[in-house]
Each structure stands twice: as structure tokens, then as C-alpha cells.
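Let's take a friendly walk through this protein together. Have a look at the model first, and then read on.

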Amino acid sequence: MADITEILNRLDRGDQTASEELLPVVYQELRQLAKARMASERSDHTLQTTALVHEAYLRLVDRNQVQRWESKGHFFGAAAEAMRRILVEHARRKLGKQRGGDREKLALDFEVPSRQVTDPETVLQVSEALDRLADQEPQICELVKLHCFAGFSIVEAAEMLGISKSSAYNHWNYAKALVGKILSS
């Protein structure tokens, strides 16, 4: 099986067969990223993991937009960003008045959910906070995306970004405080 970085380089050079070779190589990892991301979404979310993977992949290898992949980490960081944007777009559509977003949702069963659910408004608020963080601290924002949206551990995200483990934990603590401050204001 070919190396991901080599396939990405061929894709950058315009090799038409590279995108067909890339999907089988990265599909399982993309699926794990999407599954981890979807685990923190509402239990009644209408977007499925497979659809999220496919939509993100299509955005990543769009031939109409020239994209340069520096490394495997850069590709998966972009995948995390694509998944975040897809979920934000989905949340915006769900909040739209034509879809009843202005109405209160009533639960028909009385079970308490086993995990905390994330509502569309929170998804939008976190996305806006990350956009503001990206303006101030782009590397820290990438770490947050890899950890929160792609499901990588802090150590794995640090390796992908080429920073030390201690720097990654310092960045993570700073990001939590900053995003929390943005969300509370």
C-alpha cells in the first residue's frame, strides 16, 4: 500500500489516479475521526458518520480548488476542519425557521440521555470561538481542531503539528481558557 504523503504529493501534481488511490488508504482513519466527532453530537442527529466522511473527502480532493498537502498531519487537520464546517452548516440549517428551528423541541420519552448532547446553538458558538481563536493563535486552533473535531489525543495532535508534548498541553490549557472566555462573553 502506498504512503499517504506520496499519494498526496501526486495529487498536488495533478495525478488523476491519486484521488482514487487515496480514499482506500485514508478511509478508515477518516471514518474514525467522523465517528469520534459524531459521538459528541445529539443522539437524534440526522447526519450519519458515513455521509460526514464522504462529504469531507469530497471537499478535500475537490479538483476545482488547488490544495497543497504538506504532510499527513496537514491532510487530517484539513479533514477535521472540513468535518467541523459540515457540522456547522448542518446546525445552521437545523436552526433555520423553515425547519422549525425557532420552536421548542419536546421529548416524547422520559429517559435521561446517557451522555451530554450538543445542541446546534452550542456547535455554532464553539465554531465562532474557534474562528476568533484562529485569528489570534492559528497553531493553537489547529491543535483544538485535531483534538476536538478529529478525535486525536493531545500527544497525537502535537506530533502532527510538529510541536513538543509539553507545548501541546500548554496550548490546550490556554485554548480551553480562551474559548471558555469567548463563549461566556
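**Where two helices cross**

In this predicted model, the axes of helix α1 (residues 4-12) and helix α4 (residues 72-95) come within 9 Å and cross at roughly 75°. Angles from 65 to 115 degrees count as roughly perpendicular, and α1 and α4 are therefore roughly perpendicular to each other.

Which residues make the contact? On the α1 side you will find I4, T5 and L8, while α4 brings in K72, F75 and F76.

Now step back to the whole protein. Among the contacts in the protein with a separation of 6 or more, 64% are between residues 24 or more positions apart. The accessible surface of the protein comes to about 11200 Å², and carbon and sulfur atoms hold 50% of that surface.

Finally, a word on confidence. The protein averages a pLDDT of 75, and 77% of the residues score at least 70. Over residues 105-117, however, the pLDDT is below 50, and this stretch has 8 contacts in the model beyond near neighbours in sequence. Where pLDDT is low, the predicted coordinates should not be read in detail.

Note on methods
Residues are numbered from 1 along each chain as its sequence is written. This is a predicted model: local features need pLDDT of at least 70, side-chain atom pairs count only at pLDDT 80 or more; totals for chains, interfaces and linings use all residues. Side-chain values use heavy atoms; hydrogens and water are left out. Contact means heavy atoms within 4.5 Å. Accessible areas come from the Shrake-Rupley method with a 1.4 Å probe; for residues, only the protein chains shown count as cover. pLDDT is the predictor's confidence in each residue, from 0 to 100. Axes are lines fitted to C-alpha atoms, for helices over the stretch in contact, and angles run from 0 to 180 degrees between N-to-C directions. Helices (H or I, at least four residues) and strands (E, at least two) are DSSP runs, numbered from the N terminus. Angles under 35 degrees count as roughly parallel, over 145 as roughly antiparallel, 65 to 115 as roughly perpendicular and the rest as oblique.
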